[in-house]
Amino acid sequence: MFQGIIGEKYSREDVQRMLDVPSDRRGGNWDTGYTEWDGQFFIFCNINVAGRTGHDYSNHWDGSKLIWQAANGTNIRQPQMQRLLSGRMPAHVFHRQQARTPFTYAGVGQPLRHENTSPVSVHWSFETQKPVADQRYVLRDVLTERGFVLESPLTKTQRAARGDLVVYLKIDSDAYPLVIGPEWVDWLTDFELAGAERPANRLFYHNSTMRAFPRKVHNGTDAIPFGIDFSLPTRELFQRFLDVLLDTPMPIAEGNADGRLEIVDVDPRTETETTRAARLKQSKFRRELLDRHNRKCMITQIDMPDLLRASHIKPWARSTGKERIDPENGLLLAVHLDGLFDKGLISFDVSGRILISEKVSPVTRAALGLNPEWHLEEIGAAKSDYMNYHRTKVFVDAAATAKS
């Protein structure tokens with residue numbers, strides 16, 4: 001993103017140097033009135049004086065608004081002109097009143113209105129301009145610094161990749177402009193602790209141009225790519241976000257024929273704990289438990305999906321392929337209860353009442369708010385069989401429980 005100072009003077013060469021434009025790309029459009037570079041427009045205009053090509057356009061100020069003419073022969077149907085007039089890409093405007101002198105930077109202009117003439121005439125406003133450091137372009141700069149390769153922008157998103165890790169930037173919206181894959185859903189708390197902000201009313205963002213991401217059905221009948229979108233208000237927060245993203249073992253998202261995520265049957269003797277967790281966390285199994293239990297913990301009623309885990313009652317490594325995806329073999333638990341249940345430090349008796357291992361100290365019980373009166377509302381016959389396995393084979397106080 002061009003980081004200019006409004007009111008300062010710049011030559012075309014100054015701007016090119018600040019943008020690291022390669023020397024072999026500095027001619028051509030850069031020597032005319034406007035050019036498109038790296039997802040931004042740069043408009044250099046003369047006021048009441050002919051430009052270096054000899055053309056004298058009717059550029060002039062109307063109060064704080066600039067009336068500007070595009071190149072001869074332009075019309076509003078041209079794709080580049082439509083991009084310019086859409087306001088989706090920042091348009092940096094520079095002006096001068098004497099030929100062969102530096103330009104004054106007016107800032108990022110908004111196309112207030114335009115006239116369907118040839119050349120096209122645009123009324124630029126600078127009164128309500130977006131901050132020069134638009135978040136989307138700060139993100140692009142930092143991604144490049146951290147080794148991501150950015151592809152050419154599509155109509156709504158731009159792909160950035162570092163090895164197998166792919167993220168997308170929204171280019172048609174500045175609302176939550178960074179999108180990562182849905183397989184990261186159970187790291188949301190870590191990302192939010194790093195300073196990321198999320199939409200309050202939805203979990204996933206859907207867009208057909210994010211082709212590297214898994215797909216699922218959203219509003220229509222066809223599955224489309226989806227991901228998790230974030231806002232990172234400052235460069236520092238984005239750096240912290242990337243620290244988490246790059247330092248965490250990458251989850252594995254596997255898709256079936258229609259693009260929906262499913263559990264992949266892998267030999268449990270060779271599956272690492274991190275990969276196992278990643279496969280389980282983004283799965284049909286989790287989605288079914290969320291739907292069954294109204295996205296609430298079955299014990300505490302915590303209703304933040306970011307803090308809920310789909311826990312297998314009979315451990316995944318000991319389950320058959322069918323048992324691994326059976327929702328009866330699952331509990332939807334808050335993250336702290338999931339950790340205890342997975343380690344066999346809590347279980348549930350035949351009536352659904354919680355069992356707490358003697359290994360859980362009074363201090364830990366109090367800190368986690370464990371209540372011996374907690375119980376599961378529903379334990380059908382199918383779930384009872386799985387729970388009996390957990391209670392007798394996984395719960396660390398199984399022997400004492402069997403005697404009582």
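Helices α3 and α5 of this predicted model pack at an angle of about 45°, with their axes 10 Å apart. Axes here are lines fitted to C-alpha atoms, for helices over the stretch in contact, and angles run from 0 to 180 degrees between N-to-C directions. Angles under 35 degrees count as roughly parallel, over 145 as roughly antiparallel, 65 to 115 as roughly perpendicular and the rest as oblique; α3 and α5 are therefore oblique to each other. On the α3 side, V138, L139, D141, V142, L143 and E145 make the contact (heavy atoms within 4.5 Å), and on the α5 side R235, F238, Q239 and L242 do so.

The core has 27 residues, of which I180, F191, F230, F238, F241 and L245 touch the most other members. The elements giving two or more residues to this core are α3 (135-145), β11 (165-170), β12 (178-180), α4 (188-193), β15 (223-230) and α5 (235-247). Beyond its neighbours within four places in sequence, I180 is in contact with V167, F191, F213, G227, I228, F230, F241 and L245.

Of the 404 residues, 47% are buried. Among contacts between residues at least 6 apart in sequence, 59% join residues at least 24 apart.

Some backbone details fall in loops. The peptide bond from S118 to P119 is cis, with omega near 5°, and P119 lies between β7 (103-115) and β8 (121-125). D38, in the loop between β2 (34-37) and β3 (40-46), has a positive phi near 55° without being a glycine. Q301, likewise not a glycine, has a positive phi of about 70° and is found in the loop between α7 (284-292) and β16 (308-312). D38 counts as partly exposed because its relative accessibility is 44%.

Residues are numbered from 1 along each chain as its sequence is written, and side-chain values use heavy atoms, leaving out hydrogens and water. Local features need pLDDT of at least 70 and side-chain atom pairs count only at pLDDT 80 or more, whereas totals for chains, interfaces and linings use all residues.

Notes: Buried means under 20% relative accessible area, exposed over 50%, partly exposed in between (1.4 Å probe, protein chains only). A nonpolar core is a set of buried Ala, Val, Leu, Ile, Met, Phe, Trp, Tyr and Cys residues joined through side-chain atoms within 4.5 Å. Helices (H or I, at least four residues) and strands (E, at least two) are DSSP runs, numbered from the N terminus.
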